[in-house]
Amino acid sequence: MIRRDFIRLTSLTAGSLPLSKFSRAIGSRAIRHYPPEGTEDIYTLFLDPGNRYRPFVRWWWNGDRLSGDEILRELDVLKDAGIGGVEINPIKFPDEADPVDTKPLTWLSDEWISMLEIALRGARQKGMICDMIVGSGWPYGGEFLTREEQTQMIALGTRNVTGGGSVNLTKKELLDSVSPAFASGYHDPLKELVGLKLVPAELQDLSQVLNLDDRLSQDNLIVDVPAGDHVLYYLVKITGFMAVINGAPGASGPVLNHYNQAAVEKYLNRLSDKLTARLGPLGGYFRAFFTDSIELEGANWCADFYEQFRQRRGYDLAPWFPFILFKVGEMGNAVSGEYGARFAPGLKEKIEWVRYDFETTKRALFQERFIRTFADWCTRNGVQSRMQAYGMDCDPIASGMMVDIPECETWIWSEELLDFGTGDYNRGRSYTMINKFVSSSAHLSGKKLISCEEMTNTGDPFHASLDRIKQAGDQSMLSGVTHSILHGFNYSPLETPFPGWVRYGTFFNERNTWWPYFRRWTDYKARLSVLFQHSVMQADIAVLHPLADMAAKYGFQRDPFPRLAYPPYVHKIWEVIHQNGSGCDYVSEEILNGSVIRDGGLVYKDRYYKALLLLEVESMRPATAKVLKKFAAAGGKVIFVGKAPHLSDGLVDHNRESKEVDGLIRSLLAAHPRTTGLVPVDEKDLLNWFRNLQQQFSLDPAVRISHPTDFISQLHYRSGDKDFFFFINYGPARSNTFEAVFNTGDRTAWLWNPETGERSLYPAGPSKNTLTLSLGPSESRLIAFDTLSEGEKPVLSALALAVRNGTAKETALKGPWDLTLNHVDGVTESRVLKDLVDFSQQEELRSFAGIITYRNRFHVDQPGHPVWLDLGSIRCVSEVEVNGRPQGVRWYGDHLYDISDALIAGDNYLTIRLVTTLGNYMKTLKHNRAADAWTSGTPFYPMGLIKPVRLLSIS
């Protein structure tokens, strides 16, 4: 089927029915209540969000095979879908795609800049916003870099040798043995032997180390080994070891040394000089320049590192260096397995203290030489800096505070939604562990725009439904995000064979079956974004991770996908805090030391915390311990989870400072037994563990939830005199009803509907501040507490209460069902089903993708009483007509329709249209390279109406 025919097919369906006239709030109709003019600015913004609040897309310019007409066409497609802006992102052409005789342009060539100018001017004319990635792919790099400007690392090699004789080695042999398994290795690295040490296999002290550095220039090495087992440690400097990941022509090649400030400045100025010469001041075209993932594959070196370490730490790193390093592999992760000498306990401790000093020095240099240089360059060019400022090289709090728009990541791993469980902290989560760090860094620096690369999907992009997208987007908001950068939209001309050029990500594309309905989600997300960007997230609990201890023992990790969580539950604590009605931020020692104690709270700029949780923190600076003692003395709650600090960090003065830390913490605990404590953790039931902690330490939440679960959570924002609570249900096909008691004073509860912009008074609860919430699968609620109290007061219908309580009368509709199948390949067929079936289990139907139309009829004796139609939870968009009257659209959660007003006495004619996802069909396209590349290993998912369609009424 040619693409234009498919678009015509789906567009006709989308246009055939109006927007749903019913609120998602079960059983109550939404009432649009307009406030007096000029009194509710935030509600005016909520009604009609501007483009700056709408989701943006990462616009992959695949292989830079560009034309001006196609650029403008795609901008129109995006604008019509409710997209507010684009991040221009040149990237490598997909290996499996058909270039259809297009010509690749070279990044920053005159031709390429001409295409960029068309995009920038076109976006401005359409009122859309442009960001642009620096370079192409990630990290920064290019064929034009000199050897001195290329990324560097010091890598470790070891070899066990037996004493009592000589060992003959060649330099080449040693160099060749150090070859980390890089995920994106460059073809022309330069290796140099820069360190050689011989040590006993049982190493007690550095005095036993035999320094062989005087032999580094020799091609053939003869090492006399004393009696006994020994280990040869050798250090190899590798320059230009990493290639840009998926760089487009002109910006592929070796990665830049991010620790070389002069090289960073030269790289950035090369870009801005070329663009400014053609376009003039860049601030008139770009909102921000973007730095993508800091995945440097273990880069750790620059020419003056030894000197910088000595200046900052007060001692020489070189004698310790071989012993603090880990052997590394893909993405700089430490390789598993045993190697090297066995260290005596006392020496092992000192090595860990030095490793901490090395790791923190490395991060400090990265912040100064890369992040600050990037941010300053953006400022000079009149644009904002946007960055994913985390990873092995970045302090996740301090780095995010240095840029204008900090960004994090939310992924869709599969269409299936899993419960959280008690094991792997990744299970069931779409947000990554870094999101809470990034949003906290923004809160601490007074920023409300918190960006997120959202819906990243490298495993199963064609099965992703709008329901799954909503679940992931809601989770993203829960982690503190206030703006979406969707991952992503592929530049793909009309004439390319189906499914077009697909580089990455969830298949946001006009060829997707659900694209005509996509604006429903973008409108929903935009309203949440505008509200949260004009409010302040409330958090009264600060959380400190044991980052110093982790760095010393294991090194900093590759966030947002660390090899280990330390301790294993560390990334779950913020979740249970919010699930129990409270709110929190992550903090660092720098934040604590920059805080003041005021009114019994810990205050950093505009953030106020009444409690501090320290998660198995053993090491901290004496200055930090003094802050904790002062906070506790003022009445603050200081809660040590699992362990209490008793050590200092770093090598210099370690023993003296450790005694000071230990003494300060012991005295703190002894002096304030009611408001401080060392508490054990229940890793198998963290939810109730924290609920008990709230009671033990009188941590009164903003909202007290009657029955907390791990699939219902909330956020609390404040704007002026309004308090907003955002509740979401992200559990797999589970509903939950609970009471929520809000600490909001004498104000009135309103339900704001992000899908429509409507608002109504919330149905009355047991008391003014006690509400009953019922959340079905994938549902969310936005509740505002306002001084405004006038408006109609909806009451839940008797049927709504019956459905909630499980007492509604159910009548299953029987077959036969008449089906019309409009396939995306252009084929239309009709058939009759005696009973409903799962298309994925039928050989002749499992390859279907498109629009399924079901027709049936049912008899009603006496219309006029409430009746709902229940299609259940399905992975489709649904539309319903009863007797030719449209009943609306459902695109997530339970597909419930109030059909009461459409019923007539006698036979009633029912039409149900389902719009499926593409995934099952893509799996059957055996000769389609893109389909094969993206669906191999993915399952067939259930499709169509499977469970009985039911009529619900009052029994």
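Reader: Which residue stands opposite leucine 544 in β19?

Author: In β19, valine 587 is the residue opposite leucine 544. The model is a predicted one, in which local features need pLDDT of at least 70 and side-chain atom pairs pLDDT 80 or more, while totals for chains, interfaces and linings use all residues. Numbering starts from 1 along each chain as its sequence is written, and side-chain values use heavy atoms without hydrogens or water.

Reader: What makes β18 and β19 a pair?

Author: Two strands pair if DSSP finds at least two bridges between them. Strand β18 (residues 541-544) and β19 share four bridges, in the parallel sense, so they meet the definition. Strands (E, at least two residues) and helices (H or I, at least four) are DSSP runs, numbered from the N terminus.

Reader: Why do β19 and β25 stand at the edges?

Author: The open sheet of five strands runs β19-β18-β23-β24-β25, with parallel pairing. Strands β19 (584-587) and β25 (676-679) each have a single partner strand, so one side of each is left without a neighbour in the sheet. From one strand to the next, the twist averages 20°.

Reader: Which helix lies across β23, β24 and β25?

Author: Helix α17 (residues 622-633) lies across β23 (611-615), β24 (637-641) and β25, at about 130° to β24. Such angles run from 0 to 180 degrees between N-to-C directions, and the axes are lines fitted to C-alpha atoms, for helices over the stretch in contact.

Reader: Which strands form the open sheet with antiparallel pairing?

Author: Four strands form that sheet, in the order β4-β10-β6-β8. Strands β4 and β8 (210-211) are its edges, since each has a single partner strand and so lacks a neighbour on one side. Strand β6 (residues 190-200) and strand β10 (residues 229-239) run antiparallel and are joined by ten bridges. Within that pairing, leucine 193 has valine 236 of β10 as its bridge partner.

Reader: Why is the aromatic pair of tryptophan 138 and tyrosine 504 called tilted?

Author: Rings of Phe, Tyr and Trp (its six-membered ring) pair if their centres lie within 6.5 Å; planes under 30 degrees apart count as stacked, over 60 as edge-to-face and the rest as tilted. The centres of tryptophan 138 and tyrosine 504 are 6.2 Å apart with 45° between the planes, which makes the pair tilted. The structure holds 57 aromatic pairs. Tryptophan 138 lies in the loop between β3 (129-133) and β4 (152-162), and tyrosine 504 in the loop between β16 (483-490) and α13 (518-533), so the pair ties together parts that are 366 residues apart in sequence.

Reader: Which residues does a cis peptide bond with omega of about -15° join?

Author: That cis bond joins tryptophan 138 and proline 139, and proline 139 is in the loop between β3 and β4. Another cis bond leads from aspartate 559 to proline 560, with omega near 10°. Proline 560 belongs to the loop between α14 (547-554) and α15 (573-579). Most peptide bonds are trans.

Reader: What is phi of valine 100?

Author: Phi is near 45° there, a positive value in a residue other than glycine. Most residues other than glycine have a negative phi. Valine 100 sits in the loop between β2 (85-91) and α4 (110-125).

Reader: Which residues does serine 445 touch?

Author: Serine 445 touches Met401 and Lys605, leaving aside residues up to four places away in sequence; contact means heavy atoms within 4.5 Å. Serine 445 is placed in the loop between α11 (434-444) and β15 (451-456).
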